[in-house]
Amino acid sequence: MTQASLGESVVQKTIHATQTQNNGVAASVTQTQPLWLLAEVTYRCPLHCAFCYNPTDYDKHTQNELTTEQWIQALRDARKLGAIQLGISGGEPLLRDDIEEIVVEARKLGYYSNLITSGVGLTEKRIQAFKEGGLDHIQLSMHDITEEINNFITNTKTFELKKKVAAMIKSHGYPMVLNVVIHRYNIGHMKEILEMADALGAEYIELANTQYYGWSLVNRSQLMPTKEQVEEAERITNEFREKSGSKMKIFFVVPDYFSDRPKKCMNGWGEVFMIVTANGDVLPCHSARVLPNMQFPNVKDTDLGWSWKDSPAFNKYRGDSWMKEPCRTCDEKEKDLGGCRCQTFLLTGDAEAADPVCSKSPHHHLIEQAILDSRNPAIAAQPIVFRNDKNSKRIIAGELKDRIGELHALP
Amino acid sequence: MDNTIQDSDIYTLSMHHRFQWEEAQNSYVILFPEGMVKLHGGAGEVIKRLDGKATVGDVVADLKATFPDAENIEKDIIGMFELALSKAWIRKA
């Protein structure tokens with residue numbers, strides 16, 4: 001998976017543009033629709049990005065992927081529930097050879113479909129088939145303007161390939177939608193990254209500051225930039241918006257560790273976002289499986305409508321009736337719904353506590369400590385644990401305790 | 001760029017945007033990369049008439065004929081064109 005922030009940012013974009021959409025999530029009972037369906041069709045990936053938010057135990061889910069027929073059925077069922085934006089993601093979705101069939105079905109059903117890819121495996125033949133099949137757009141991950149950083153952070157030699165793929169996407173008349181995950185190694189190149197995107201003819205660029213889930217949580221101290229760097233990056237972005245005259249739409253996704261209020265994660269649990277994972281699990285957010293005592297439905301044996309509307313998992317954190325203090329009586333609770341359940345559990349061990357990002361949280365010191373750790377030369381100098389099968393197997397086997405021992409679940 | 005809406009202008013949906021009826025929303029929507037706009041009844045009626053040939057004047061005339069009881073709709077229609085143009089949902093044909 002190439003986009004650290006897809007959950008939050010995409011939903012927010014959907015919602016912000018949706019002036020008349022009813023997103024009232026203050027009440028305990030809400031009228032919800034899974035407007036966004038994210039199909040994480042595989043966890044296999046040729047890239048090994050240090051900031052990937054996929055589960056660190058993904059290796060368990062690479063042998064039991066849904067079949068083409070099962071994906072098509074899931075698409076049909078979700079469409080009936082109101083899903084309209086489809087993200088085809090992973091891992092690297094192009095490692096499956098049936099994306100063409102999935103795209104055709106998506107178009108037939110009336111989805112606005114988006115292939116979220118690293119570009120590895122995109123050929124003239126395949127992009128032609130996607131175009132004919134009705135794929136609406138392709139979101140390409142880019143990593144840096146330098147070959148050195150691109151190849152380092154992805155742990156692969158993919159720099160030249162990405163430039164070729166960008167040109168291919170453009171030449172087939174697709175809108176150019178770029179996603180750049182921002183971290184310590186590329187945050188100093190913000191202006192150059194924006195200029196590169198503009199020169200490539202990008203219509204949209206998402207500058208997604210790394211959020212710490214999955215592999216990026218393991219590598220948090222190695223990836224986190226300083227607050228000053230983030231502020232400078234935002235300043236450069238704003239300046240580019242105002243002065244460059246570029247028509248490119250720029251989304252700057254703010255990192256939550258440096259704010260004193262949490263993000264409204266997924267725009268609310270089970271509000272607009274539904275994920276079906278490679279093995280068919282149905283989730284309200286990418287990392288929900290870290291939460292304890294939760295049984296998530298699976299499309300292989302459960303009706304998707306029941307999963308969304310009635311399953312205990314999707315109702316567990318809908319609205320605000322599950323909240324504890326300080327959230328329960330907080331006058332800002334509707335703004336962020338207490339933040340992210342997964343982040344809260346991973347860091348505090350209590351899924352129903354306030355997100356520790358919040359300065360009102362009794363656990364806020366955990367975030368402050370993480371920021372301090374990232375500036376501690378001895379900790380920050382630890383090697384990056386790249387996202388690959390070998391490291392996933394090691395984490396499943398209980399190794400790497402020094403890196404994940406303090407977390408309350410496998411990230 | 002001149003954003004004044006002229007009667008003789010012809011507008012069409014922007015590239016990579018799709019307009020469709022959404023049963024689940026009970027409304028028209030415009031879809032584009034990573035977003036969606038749900039259109040109130042009147043707004044949907046305006047966008048629906050953008051076929052790459054109809055001028056703004058044609059759209060106004062057609063809507064007046066279709067909704068004879070609606071008062072002062074010309075102002076609302078032009079307002080919708082202005083909004084849609086400012087949001088880049090539509091472009092000059």
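Predicted model: local features only at pLDDT ≥ 70, side-chain atom pairs only at ≥ 80, totals over all residues.
Local features require pLDDT of at least 70 and side-chain atom pairs count only at pLDDT 80 or more, while totals for chains, interfaces and linings use all residues. Residues are numbered from 1 along each chain as its sequence is written, and chains are lettered from A and ligands numbered from 1 in the order in which they are written.

Strand 1 of chain A spans residues 36-40. Helices (H or I, at least four residues) and strands (E, at least two) are DSSP runs, numbered from the N terminus. Five of the five residues in strand 1 of chain A are buried. A buried residue has 20 or more other C-beta atoms within 10 Å of its own, an exposed one 12 or fewer, and a partly exposed one falls in between; C-beta atoms are placed from the backbone. Trp36(A), Leu38(A) and Glu40(A) point one way. Leu37(A) and Ala39(A) point the other way.

Strand 1 of chain A runs parallel to strand 2 (residues 85-89) of chain A, with five bridges between them. Pairing requires at least two DSSP bridges between two strands. Trp36(A) has Gln85(A) as its bridge partner in strand 2 of chain A. Strand 8 (residues 273-276) of chain A also pairs with strand 1 of chain A in the parallel sense, over four bridges. There, Met274(A) stands opposite Leu37(A).

In chain B, Asp9(B) lies in the segment before strand 1 (11-13). Asp9(B) counts as partly exposed because it has 15 C-beta neighbours inside 10 Å. Beyond its neighbours within four places in sequence, Asp9(B) is in contact (C-beta atoms, placed from the backbone, within 7 Å) with Thr55(B), Val56(B) and Lys92(B).

Conventions
Contact = placed C-beta atoms within 7 Å.
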